[in-house]
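Thanks for coming, everyone. Please have a look at the structure on the screen, and then I'll walk you through it.

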Amino acid sequence: MRTKLKTNPLALCALLCLAPVIAWANTADGEAPVPERITWQKTPIELALTVGAEKRVDFPGPVKVGVPAALQSVLRVQSVAGTVYLLAHQPFVATRVMVRAVDSGAIYLLDLSADNEGEAQAAIQILDPETQRPGIAKEEGAPLPALPVY
């Protein structure tokens with residue numbers, strides 16, 4: 001013999017509507033923090049890395065990274081579609097790294113250093129006012145500046 005369950009259709013509807021919101025709220029706390037936005041002002045950007053913690057740096061477009069030979073054994077650099085992933089394997093002192101935008105040829109300078117102490121920090125988003133100006137066409141066929149070979 002089955003007993004009939006008394007349910008309030010309004011309460012059931014409210015529960016079904018709130019369930020996705022509650023599920024989203026629980027996962028929002030576990031997401032990575034909002035990236036720190038830095039506007040490129042033609043001065044080197046200092047980035048302090050923590051050994052063993054990957055740092056994400058987002059650029060306005062695809063980039064190529066010129067890594068000095070002194071850093072190649074202690075720093076992993078991966079560039080994918082405008083996002084650069086940096087992972088220090090050992091501490092190192094501040095070293096200049098050049099990043100070139102593939103599309104515009106813009107050069108960004110990063111002063112990278114790494115230390116054993118510190119905690120994971122938010123990603124960095126580089127904003128370039130030069131690439132965001134409406135109505136300015138880039139020169140077609142102009143050669144892009146080459147990255148220096150270390």
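Let's start with a term. Two strands pair if DSSP finds at least two bridges between them. Strands here are DSSP runs (E, at least two residues), numbered from the N terminus. Now, what we have is a predicted model, where local features need pLDDT of at least 70, side-chain atom pairs count only at pLDDT 80 or more, and totals for chains, interfaces and linings use all residues. Residues are numbered from 1 along each chain as its sequence is written, and side-chain values use heavy atoms, leaving out hydrogens and water.

First topic, the sheet. Strand 2 and strand 8 pair in the parallel sense, over six bridges. Take I45 as an example: its bridge partner in strand 8 is L110. In general, strands of a sheet pair through backbone hydrogen bonds, either parallel or antiparallel.

Zoom out. There is an open sheet of four strands, in the order 2-8-7-4. Its pairing is mixed. Which strands stand at the edges? Strand 2 and strand 4, residues 63–66. Each has a single partner strand, so one side of each is left without a neighbour in the sheet. From one strand to the next, the twist averages 30°. That angle is taken between N-to-C directions, on a scale from 0 to 180 degrees, with axes as lines fitted to C-alpha atoms.

Second topic, salt bridges. By that I mean a side-chain nitrogen of Lys or Arg within 4 Å of a carboxyl oxygen of Asp or Glu. How many does a search of the whole structure find? Three.

Start with R96 and D111. Their closest N and O atoms are 2.6 Å apart. This pair links distant parts of the chain: R96 is in strand 7 (residues 92–101), D111 is in strand 8 (residues 107–115), and they are 15 residues apart. Is D111 buried or exposed? Buried, at 16% relative accessible area. The cut-offs: buried is under 20%, exposed is over 50%, and partly exposed is in between, with a 1.4 Å probe and protein chains only. R96 is partly exposed, at 38%.

Next, R76 and E54. Here the N to O distance is 2.5 Å. R76 sits in strand 5 (residues 75–80), and E54 in the loop between strand 2 (45–50) and strand 3 (55–58). They are 22 residues apart. R76 is partly exposed at 30%, and E54 is partly exposed at 43%.

Last, R56 and D58. The closest N and O atoms are 3.0 Å apart. R56 is partly exposed, at 32%, whereas D58 is buried, at 14%.
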